[in-house]
Every structure is written in structure tokens, then in C-alpha cells.
Amino acid sequence: MAQRKVHEDMDEQVCKVKNRKLYLATLASVLGPMSFGFVLGYSSPAIPELTKIEDSRLRLDDNQASWFGSIVTVGAALGGLIGGWMVEKIGRKVSLMLCALPFVSGFTIIIAAQNVWMFYVGRILTGLASGITSLVVPVYISEMAHEKVRGTLGSCVQLMVVIGIMGAYLGGLFMDWRWLAICCSIPPTLLMVFMSFMPETPRFLLSQGKRREAVESLRFLRGPDAPVEWECARIEEACDEQGSKFQLSDLKDPGVYKPLVIGIMLMIFQQMSGINAIMFYAENIFEQAHFKQSDLASVIVGLIQVVFTGVAALIMDKAGRKVLLIISGVAMAISTTAFGVYFYLMSLLPEPHGDLAWMALASIAVFITGFALGWGPIPWLVMSEIFPVKVRGVASAVCVLTNWSIAFVVTKNFQDMMNLLTSAGTFWLFASMCILNVIFTMVFVPETKGKTLEQIEATFRGMSGP
Ligand code: BGC
């Protein structure tokens, strides 16, 4: 009874909220993920050019090219650690503005490169910025948004990542690697400018004891008629219950260790699905299927990602996270199994055979669609929803570090894995990871749709929540 009253109360209050400024702040912040998409996508058009470039100081051999692609993930893992510290010390907003510096300086070093080492430094710096962004932006958005739109707004993070990736692929069709790097510096520059007009999150301000600023921030985000005092009191109540500083002994608290394990597992499963290996490999597959322009093939992969990540964003707050993760996991399990079968059949044939190409193409399309609908956006979204405010920085840092480290291991060792396990074996390994991720989701992942961050926290502690 009391629970229903709380819900009715909440619905009534949320009705008075105006979302325009919240959308504006989200739009400014997602220039970060867009920049990080440009970093991820940059290597795909740049590598083929740099392996053939006339200037021998800049020419990449195969080994250097694979470092040029994967070293970004090392920078990003490091960025996750730094980001976790920054969000707690200097806040969400300033951390995000500062990300622009390594983004722009990294691209500047690439543009001015005199040797391959300068490329590496540029890639590490842009990777570092990507890692910080992948931590800060989901936290920034989930702390500003209210529960009615948090899923959709949080999914915009991944949507902008894939738009950035596609932007880089498209740009690569018309520009050389230097001009492309110049264009890649535009989104982070805009990020810095636009973010300077946006507020810090109310939850961070309250955790710092800055109540007046928190109320102002809420007033900006929710409009003049919204019950900001009511929301402020609700957040304060949750902060008071927790105390303010993270201590190691907090790890014994189910409200901390349960979401931490779930967050880490989501990141491991996202990367062990093989997404980055498959995106890497897409060009070769399209080549085998007799596509003349394999760079156009990358654009098609990019486009599928954008469309279905957009669909996921639209339905996230209605369908819920769990259902989408399960559908996504099943689609990826089926497509990686089919991909393995394709490689297996190919290995039986004495000569490469074009007739089976449709099987490879269909597998890639289903895989990318499946990933975009669930395992692409949701780990980042759920990461930003499940941690109590006092451990949000540290716990998100552990998740980001896990994600990018596994991304590095998979992309750097993919070729060796194919040699050791055969191509079919490698894809069946990805398939088995996808089956595990479905089971994991069904058993352990809680549904966060429609709940306030404070209610989600209470669920882990086994309480019914404010
Ligand atoms: C993943 C990246 C991946 C990208 C592709 C992100 O959610 O974390 O590793 O490259 O999606 O769309």
C-alpha cells in the first residue's frame, strides 16, 4: 500500500518536470562518446593508407599497423583509472571538459607526426581521453536524468559512439588520414565549449555538501515548476544512509559487492562476444564475398549499428534492459555459431567458394544488429545505474578498466586465436560466451527500468527502497 503511494507520488511529481534543458545537457555531454567513436573508427580508413604511404618514416608494417589499431585500448584502460579518480575529485562536469585536452592534443600529434612513435603517442592520448569519457558521460547522464527517460538518454552514449565510428568511416571515403584527424578534433572542441554552459550533477553536489548549488542544478534541469526540493531530499536521504567516503570495508556490503560483480561481468561478456574482432574482420569477410569496395562495407556495418542502437535507445525504457540483453545475447550466439559453421565448411572445401558468402554476410549482419540492440549500449547504461553514489567513481573505474583491458587482449590476440583454435573454433568460443551471457543475464542482472537510482541501490541491499 505504502509502496503504491510512493509510486503515485513520484508519478505526480515527475509530471511537472520539463525535460528540455536535460536533453540539452545530454546533447552537450554525448559529444564525448562521439569523439571516442571517431577515435575507434579512425584506424579503419587510416591503416590501409599508412601501410602504403610514400614517406618511409611514417609507413606502417603489419605489426605496427596492429599496434596502431589496438594501442588505443591500452590508453583507454588507463583513462578509466584516471577517470574514476577525477570524477570524485573535480566532479563530473569539469572531468568531461578536461577530456577535450588529450583528445585534441592526441590528434594534433598524429597530424604533425614525423615518425611511427608519434602515431603511437597520439593514439594513446586519444585512447586515454576515450577511457575517461566512457566513464564520465554515463555517470553524468544517469545522475542528471530522472527514471522515466534515463534508459533512453543513457543509450544515447552508445548511439553517439557508433555515429562517431560511422563518421570516421564515411570521412575516410573522402579525406586522407591527416584531414580526417583534423575533422576528428572538432567534436571534442565543441564538447569543451558546450559543457562550460551545463551544470554539475545534483548528486555530486549533494555528496560534496553543496545543497544550494544542487537545488540550482535541479531547477535548471527540471524547469521552474518541478518539485526540486522534494527530489533533493530524496537524494540526500540516500546519501546520508551511506556516509560519504569509500572504504575497503564497504566491499563487504551487498549494496557494493553485488553491483560491482555484475558490472565487471557485463564488461567481460561485452568484449568476449568478439565485437571488436568481428568489426576488425568485417572488411576481409566482405572481400571474400566479392565486394569490390571493402571500405564501403565498413560503412554498411557502421550504418546497421547506428540504426539498431537508435532502435534500442527508443525502446529501452519500455522493453527494459534484461529482455534486450537476452534477445541480443541469443542473436549473437546464433550468428557466431553460424559464422563458425561457415568457416568450418570453407575449411572442408579444396578452394575458396563464393557460394557460401551469403552465410558470412548474414552472420555479420545479425551479429551487429544483436549487439546494437543490447550488449552494445546496456553494459554502459547499467554501469551508470547500479552503484551507490559513494563508490560510483571507484566501481565504474574498475568496470572501464576491465572493459578496455579485455578489448585489448581480444583485438591483439585475435589472429593468434584463429591460428591456434582455427577460425571455426574461435567463433564457437565467442558463441559459447554469448550463451553464458544469456544465462548470466537471466540469473543475476536486475531490471533497472523505471526505478530511481536510490531504489536500485536499495534492491541490492534487500530493501524495498525510498
Ligand atoms: C564497446 C566497444 C565497441 C563499440 C562498438 C562499445 O560499447 O565498448 O568496445 O568497439 O561498442 O560499437
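What separates Arg212 and Glu216 in helix H11 (residues 211-222)? Being four residues apart in that helix, Arg212 and Glu216 are separated by about one helical turn. The legends below take up this pair and other sites.

This is a predicted model, in which local features need pLDDT of at least 70 and side-chain atom pairs count only at pLDDT 80 or more, while totals for chains, interfaces and linings use all residues. Residues are numbered from 1 along each chain as its sequence is written, and side-chain values use heavy atoms, with hydrogens and water left out.

**View 1. Arg212 forms a salt bridge with Glu216.** A salt bridge is a side-chain nitrogen of Lys or Arg within 4 Å of a carboxyl oxygen of Asp or Glu. Here the closest N and O atoms are 3.2 Å apart. Helices (H or I, at least four residues) are DSSP runs, numbered from the N terminus. Arg212 counts as exposed because its relative accessibility is 56%; exposed means over 50% relative accessible area, buried under 20%, and partly exposed in between (1.4 Å probe, protein chains only). By the salt-bridge rule the count comes to 12 salt bridges.

**View 2. Arg203 forms a salt bridge with Glu454.** The closest N and O atoms of this pair are 3.1 Å apart. Arg203 lies in helix H10 (residues 202-207) and Glu454 in helix H20 (residues 453-460), so the pair ties together parts that are 251 residues apart in sequence. Both Arg203 and Glu454 are buried.

**View 3. The side chains of Arg321 and Glu385 meet in a salt bridge.** The N to O distance is 2.6 Å. The pair links distant parts of the chain, with Arg321 in helix H16 (residues 321-348) and Glu385 in helix H18 (residues 378-386), 64 residues apart. Arg321 is buried because its relative accessible area is 1%. Glu385 is also buried, with a relative accessible area of 1%.

**View 4. A network of salt bridges links Glu88, Arg92, Glu143 and Arg392.**

View 5. A polar side-chain atom of Gln270 lies 3.0 Å from an oxygen atom of the ligand, and one of Asn276 lies 2.6 Å from an oxygen atom of the ligand. From Gly376, a backbone N or O atom lies 3.4 Å from a ligand oxygen atom. The protein covers 99% of the 310 Å² of accessible area that the ligand has on its own (Shrake-Rupley method, 1.4 Å probe).

**View 6. A nonpolar patch on the surface includes Phe444.** The patch is formed by Ile435, Leu436, Ile439, Met442, Val443 and Phe444, with about 600 Å² of accessible area together. Its members have over 30% relative accessible area and no salt bridge, and their nonpolar side chains are joined within 5 Å. Phe444 is found in helix H19 (residues 392-444) and counts as exposed at 52% relative accessibility.

**View 7. Thr422 has a positive phi although it is not a glycine.** The phi value is about 70°. Thr422 is found in helix H19 and is partly exposed, with a relative accessible area of 44%.

Note on methods: Polar contact = N/O pair within 3.5 Å; in protein donor to acceptor, adjacent residues only side chain to side chain. Patch = residues over 30% accessible without salt bridge, like charges linked within 9 Å, V, L, I, M, F, W, Y side chains within 5 Å. Helix = DSSP H or I, 4+ residues; strand = E, 2+ residues; numbered from the N terminus.
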